[in-house]
Amino acid sequence: MSGFDTSWLDLREPADRAARDARLLAAAAAATGSTPGALIVDLGCGTGSTFRALNGSLPAPTAWRFLDNDPALLAQAGERCGAAVDLRRTDLAALGAADLAGARLVTASALFDLVSRRFVEHLAGLLSRDKPALYAALSYDGTASFDEPHPLDGAVVEAFNRHQRSDKGFGPALGPDATQTLAAVLQAEGYRVETADSPWVLGPDQMALQQATLDGFAQAVAETQTLAAEEVALWHAHRKAAAARGVGCRIGHSDLLAVPTL
Ligand SMILES: C[S@@+](CC[C@H](N)C(=O)[O-])C[C@H]1O[C@@H](n2cnc3c(N)ncnc32)[C@H](O)[C@@H]1O
């Protein structure tokens, strides 16, 4: 089980959809080609948000394979995305060639900041066989800023980023370095790589997501034990009250599209 629940994924999906870089999303869709039946393999599919983001822009009907290790999320994905999707309970830490076999496009959203450099190198080796395109959206980029600063913001974001680099089941996580690492490794494999910022820009209309994000920051920072518990509590209470007053924030993410050149 992964620890990502449906309610959190549902909360973030509209912000993710708004944040995705439109040009890279369209280019990812185009990379599936105009011949019906191209296969898209979605890594860490959750309930299928990448499917919902891409499906309306695809030039021809495609087949989808969803990989996730969480059976509850896979079941939700099956209910929401239709019976034709091939649902596979898979531990991505043990990803093999058969999981990607036949793919024209490999996708992932909000996944690559969880994985390690070793996983990216292993994935690049698997991709080098059939050379599908790769669309990796919404990797956290290490930046978080608030419309009204607080003196503890810098220390909190630094501690949060430290937590982001801890092991999430793949070895030391890339966290804020995800997109850069992926770009460098795939360029070395002969891919043409484009990246774009895809930040959440959250205001009063996304109050529930802001509050949940602040809770997540506070919990992660507390786990690092790099700040005194009183400081974390002070920052958390201040930030939640500020968000309730309408103070917005920007949480940085980036998107990547890698297309084979050969
Ligand atoms: C942040 S969620 C993103 C879900 C979905 N892509 C989205 O954007 O809503 C990360 C996803 O990766 C999956 N995941 C994490 N570690 C995994 C692993 N070792 N094997 C397979 N799936 C994993 C989780 O179950 C979860 O669905």
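# Inside the fold, question by question

Me: Is Glu13 buried or exposed?
Reply: Keep in mind that this is a predicted model. Glu13 has a relative accessible area of 13%. The cut-off for buried is under 20%, so Glu13 comes out as buried.

Me: Which residue forms a salt bridge with Glu13?
Reply: Look for a side chain whose nitrogen comes within 4 Å of a carboxyl oxygen of Glu13, because that is the cut-off for a salt bridge. The closest N and O atoms of the pair are 2.8 Å apart, and the partner is Arg52.

Me: How many residues apart are Arg52 and Glu13?
Reply: Arg52 and Glu13 form a salt bridge. Arg52 sits in helix H3 (residues 49-54) and Glu13 in helix H1, so the pair links distant parts of the chain, and the gap is 39 residues.

Me: And Arg52, is that one buried or partly exposed?
Reply: Its relative accessible area is 23%.

Me: How many salt bridges does the structure hold?
Reply: Arg52 with Glu13 is one of them. Another joins the side chains of Asp10 and Arg80, 2.8 Å from N to O. For the whole structure the number is 12.

Me: Which helix holds Arg80, the partner of Asp10?
Reply: The side chains of Asp10 and Arg80 meet in a salt bridge. This pair also spans distant parts of the chain, 70 residues apart, with Asp10 in helix H1 and Arg80 in helix H4.

Me: At roughly what angle do the axes of H1 and H4 cross?
Reply: H1 covers residues 6-19 and H4 covers residues 71-81, and their axes come within 11 Å. H1 counts as oblique to H4. The crossing angle is roughly 50°.

Me: Which residues in H4 meet Thr6, Leu9 and Asp10 of H1?
Reply: Taken by class, the residues of the contact of H1 with H4 divide into two nonpolar, two polar and two charged. On the H4 side, the residues are Leu73, Gln76 and Arg80.

Me: How far apart in sequence are Arg23 and Glu194?
Reply: The side chains of Arg23 and Glu194 meet in a salt bridge, 2.9 Å from N to O. Arg23 lies in helix H2 (residues 22-30) and Glu194 in strand S6 (residues 191-197), so the pair ties together parts of the chain separated by 171 residues.

Me: Which residues are linked in a network of salt bridges with Arg23?
Reply: Arg23 pairs with Glu194, which is partly exposed at 24%. The network also takes in an Arg, so the residues linked with Arg23 are Glu194 and Arg192.

Me: Is H7 roughly perpendicular or roughly parallel to H9?
Reply: The axes of H7 and helix H9 (residues 207-224) come within 8 Å and cross at roughly 75°. Angles from 65 to 115 degrees share one label, so H7 is, relative to H9, roughly perpendicular.

Me: How many nonpolar residues does the contact of H7 with H9 have?
Reply: H7 brings residues including Val156, Phe160 and His163, while H9 brings residues including Phe217, Ala220 and Val221. The contact has three polar and two charged residues, and the nonpolar ones number seven.

Definitions and conventions: Residues numbered from 1 in each chain as written. Predicted model: local features only at pLDDT ≥ 70, side-chain atom pairs only at ≥ 80, totals over all residues. Heavy atoms only, no water. Axes fitted to C-alpha atoms, helices over the stretch in contact; angles between N-to-C directions. Helix = DSSP H or I, 4+ residues; strand = E, 2+ residues; numbered from the N terminus. Parallel < 35°, antiparallel > 145°, perpendicular 65-115°, else oblique. Contact = heavy atoms within 4.5 Å. Nonpolar A, V, L, I, M, F, W, Y, C, P; charged D, E, K, R; others polar. Buried < 20%, exposed > 50% of the residue type's maximum accessible area, 1.4 Å probe, protein only.
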